[in-house]
Structure formats: structure tokens, C-alpha cells
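Dear colleague,

Please find below the structure that I am handing over to you. My notes on it follow directly after.

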Amino acid sequence: MDRCNATELLRLKNVKVTRSRIAILDEIIASDNPVNAIDLHNGLSGQLTVNLATVYRMLKLFVDVGILREAFADNGTQYFEMACVHNPAHAHFQCSKCKRIICLSPLTFEDTILFSEASKIGEINEINIKLKGICQKCRSTA
Ligand SMILES: [Zn+2]
Ligand SMILES: [Zn+2]
Ligand SMILES: [Zn+2]
């Protein structure tokens, strides 16, 4: 899978390039699932001293300039993912047991009754569909 380069992306969006911004963005680019601020912060500890409030601020900035999107919210925790060409909007599946959030394949508007109906009403620019269940891994260990 093609992935963005953090430095290039920050420059493209006119965001000042700093070591901590690259480090955070690199983690998100490398992740296949949506990530939250606390996990990102934990992942950084050791390499860089960035406090949690700074991580939250960076995530907000990245969303504002269109680098990230809020993919998922769970009990007040927000999960973020790349909003780039490599990652078109899609629905998410969360396992109620291990809490893992899995990205589903992007849906095209023609694909489903839901979207063809919605597109008659207006233009869709955000998809926020959350499916819950038990993942294969948890089912097999149950
Ligand atoms: Zn990308
Ligand atoms: Zn699970
Ligand atoms: Zn996703």
C-alpha cells in the first residue's frame, strides 16, 4: 500500500515542520487502524518528550488542515486516521470484546441502497458508520 510522507504532507498543507509533528504523523501513517491521542502519546514516550495536551493540539491542527479525519468515537475517545488519497472514507467495525477498530473497504455511492438514497438528497462528504460485533480472533478464543 502506498503511504504519504509526513514531511511532504506538512509542507503541502503549509504546516510548520517540527520533529514532534513528524513523529506523530509517522505513527498515524504507519497504522492500519484509527488511533487515539493516548496511544499515540504512549507510542512516543522514550523517543520524544511531548505531553498529552500537545498531542491533542496537533491532532486538532491536522484535522483542521485536512491531513486527518476523525474516524471513530467511542465513549468520548476520538480515533483519527489519514484523510489522504490513500485512505478514502469508509465505515468501521469495532469488536465489543477487544475494542479493536477495524477499517472496512471504502464504499462507493453506487454500491449501496443507503448511499444511492442519500445522494438523491444531497452531496455526501462525510461517512460515519460504526458497526459493532465480535471479531474473528475473539470468537475463536471464546
Ligand atoms: Zn496517504
Ligand atoms: Zn475482538
Ligand atoms: Zn478507517
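Along the chain, the donors of the zinc ion (ligand 1) follow the spacing C-x79-C-x1-H; donors are N, O and S atoms within 2.8 Å of the metal (3.2 Å for Na, K and Ca), and sites may look incomplete because water is not among the atoms. The coordinating atoms are SG of Cys 4, SG of Cys 84 and ND1 of His 86, at 1.9 to 2.3 Å. Cys 84 is buried at 15% relative accessibility, whereas His 86 is partly exposed at 30% (buried means under 20% relative accessible area, exposed over 50%, partly exposed in between, with a 1.4 Å probe and protein chains only).

This is a predicted model, in which local features need pLDDT of at least 70, side-chain atom pairs count only at pLDDT 80 or more, and totals for chains, interfaces and linings use all residues. Residues are numbered from 1 along each chain as its sequence is written, chains are lettered from A and ligands numbered from 1 in the order in which they are written, and side-chain values use heavy atoms, leaving out hydrogens and water.

Beyond its neighbours within four places in sequence, Met 82 is in contact (heavy atoms within 4.5 Å) with residues including Leu 25, Leu 68 and the zinc ligand Cys 4.

Yours sincerely
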